[in-house]
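Hi,

Here is the structure I promised to pass on. Have a look at it first, and then read on for what turned up in it.

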Amino acid sequence: MRRWRMVLGADSAEATGRTLTGQDVAMDGALEALYGGGGKKPGGRGGSGRSAGLGASAPSVARWLGDIRTYFPSSVVQVMQRDAIDRLGLSALLLEPEMLEAVEADVHLVGTLLSLNKAMPETTKETARAVVRKVVEDLEKRLESRTKATLTGALDRSARISRPRHRDIDWDRTIRANLKNYLTLPGADGEPDTGTVVPERLIGYGRASQSVKKDVILCIDQSGSMAASVVYASVFGAVLASMRTLATRLVVFDTAVVDLTDQLDDPVDVLFGTQLGGGTDINRALAYCQSKISRPADTVVVLISDLYEGGIRDEMLKRVAAMKASGVQFVTLLALSDEGAPAYDHEHAAALGALGAPAFACTPDLFPDIMAAAIEKRPLPIPDREAQP
């Protein structure tokens with residue numbers, strides 16, 4: 001009943017028979033300020049029921065941010081911050097340094113800051129970069145080691161050799177290649193017959209070479225709905241660029257195309273080089289990526305977009321078909337985030353699927369496996385395959 005009282009607000013006190021005391025009163029006040037009155041603008045009044053608000057001043061919001069960090073766990077704080085930005089129109093207040101210092105930084109906050117980048121005063125930009133850097137560094141710690149380990153193994157396996165050392169033998173492929181050499185051996189002293197495969201040809205993993213083995217092009221839609229995907233893709237781009245056996249290019253686009261490859265050593269610079277919002281011209285972006293492909297059979301192109309095309313649809317599909325026909329491994333991700341597939345253009349997704357480039361949403365944890373499969377030219381480990389377009 002205590003929880004129901006907090007969920008339903010002060011008007012439910014009589015119905016629930018619950019009176020709040022102590023810290024519960026302060027927790028209820030923090031919830032009331034955000035969710036009271038059905039979601040008001042700062043300083044406004046709601047309808048019946050919950051009617052408090054955060055007010056329009058940065059100090060009152062900063063106090064509220066401090067309160068929720070005191071009373072709720074970090075995961076809940078991030079949800080409440082996100083709701084405050086959406087429900088109460090607090091984006092403008094994030095342009096003030098004292099506000100940025102008070103918030104709990106996460107991927108969604110970074111997306112909001114990037115969308116406000118052009119309007120951000122100089123006094124706030126350094127604080128904003130520090131907030132973004134903290135989130136990026138946390139993501140790199142989480143994602144880097146597994147990504148490198150997974151892709152290094154995939155790159156090694158993609159380079160087959162015919163005279164491997166014993167530890168480098170690919171036993172599965174070796175056995176399959178030599179099944180025709182299966183021999184049946186009679187058993188001794190009444191024992192049953194046994195069989196063996198005579199490996200006339202050994203297949204092994206190529207290792208140790210530090211030359212560039214694969215080219216990777218990340219082509220990222222920077223429309224406003226793709227904010228979280230832009231953050232994750234920038235971090236992955238920096239991780240991939242640090243691997244000497246990969247040549248990584250990062251391209252972002254709306255109606256224009258920007259190549260941010262020369263900034264990949266610092267994903268924060270990449271993020272502040274993006275401009276969230278605006279229209280979308282996937283065809284123009286793919287035309288640019290296509291012009292940068294010099295080794296089709298050793299190239300992986302990853303398009304990250306909700307596929308709402310503002311350019312020439314038929315040309316876009318022709319480019320994808322041409323890249324695949326030349327040997328390019330083409331991957332289409334509707335999102336690269338923890339939130340599943342966003343709203344997307346189902347017709348375009350189906351058309352890409354018909355070309356052998358199925359479009360699906362991918363979590364950051366799954367991304368290394370997707371890339372490994374593309375590098376090895378294996379079927380992609382698509383989640384919930386039956387639900388994908």
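Before the first finding, one definition: a nonpolar patch is made of residues with over 30% relative accessible area and no salt bridge, where nonpolar side chains are joined within 5 Å. In this predicted model, Met1, Trp4, Val7 and Leu8 form such a patch on the surface, and together they have about 470 Å² of accessible area. Val7 sits in helix H1, which covers residues 2-8. Exposed means over 50% relative accessible area, so Val7, at 58%, counts as exposed.

Now the overall picture. The chain has 15 helices and 10 strands. Of its 389 residues, 47% are buried. The chain exposes about 18,400 Å², and 51% of that comes from carbon and sulfur atoms. If you take contacts between residues at least 6 apart in sequence, 71% of them join residues at least 24 apart.

For a covered helix, go to H7 (residues 107-115), where 7 of the 9 residues are buried. The buried ones in H7 are Val107, Leu109, Val110, Gly111, Thr112, Leu113 and Leu114.

Next, salt bridges: the whole structure has 19 of them. Is Asp215 buried or exposed? Asp215 is buried, because its relative accessible area is 15% and the cut-off for buried is under 20%.

Strand E5, where Asp215 lies, spans residues 214-221. Leaving aside residues up to four places away in sequence, Asp215 touches Ala247, Ser294, Arg295, Asp298, Thr299 and Val300. There is also a network of salt bridges here, linking Lys214, Asp215, Arg295 and Asp298.

Another salt bridge joins Asp338 and Arg142, with the closest N and O atoms 3.8 Å apart. These two come from distant parts of the chain, 196 residues apart: Asp338 is in the loop between strand E9 (329-336) and helix H14 (346-354), and Arg142 is in helix H8 (residues 122-158). Asp338 is partly exposed, with 47% relative accessible area, and Arg142 is partly exposed too, at 37%.

How many aromatic pairs does the structure hold? There is 1. The ring centres of Phe236 and Phe367 are 4.5 Å apart and the planes are at 40 degrees, so the pair counts as tilted. Phe236 belongs to helix H10 (residues 227-241) and Phe367 to helix H15 (residues 367-376), and the two are 131 residues apart. Both Phe236 and Phe367 are buried.

Last, a bit of backbone. Leu307 is not a glycine, yet its phi is positive, near 70 degrees. You'll find Leu307 in the loop between strand E8 (299-304) and helix H13 (313-325), and it is buried, with a relative accessible area of 0%. Lys377 also has a positive phi without being a glycine, about 60 degrees. Lys377 lies in the segment after H15 and is partly exposed, at 45%.

How values were computed:
Residues are numbered from 1 along each chain as its sequence is written. This is a predicted model: local features need pLDDT of at least 70, side-chain atom pairs count only at pLDDT 80 or more; totals for chains, interfaces and linings use all residues. Side-chain values use heavy atoms; hydrogens and water are left out. Helices (H or I, at least four residues) and strands (E, at least two) are DSSP runs, numbered from the N terminus. Contact means heavy atoms within 4.5 Å. Rings of Phe, Tyr and Trp (its six-membered ring) pair if their centres lie within 6.5 Å; planes under 30 degrees apart count as stacked, over 60 as edge-to-face and the rest as tilted. Buried means under 20% relative accessible area, exposed over 50%, partly exposed in between (1.4 Å probe, protein chains only). Patches are made of residues with over 30% relative accessible area and no salt bridge: like charges are joined within 9 Å, nonpolar side chains (Val, Leu, Ile, Met, Phe, Trp, Tyr) within 5 Å. Accessible areas come from the Shrake-Rupley method with a 1.4 Å probe; for residues, only the protein chains shown count as cover. A salt bridge is a side-chain nitrogen of Lys or Arg within 4 Å of a carboxyl oxygen of Asp or Glu.
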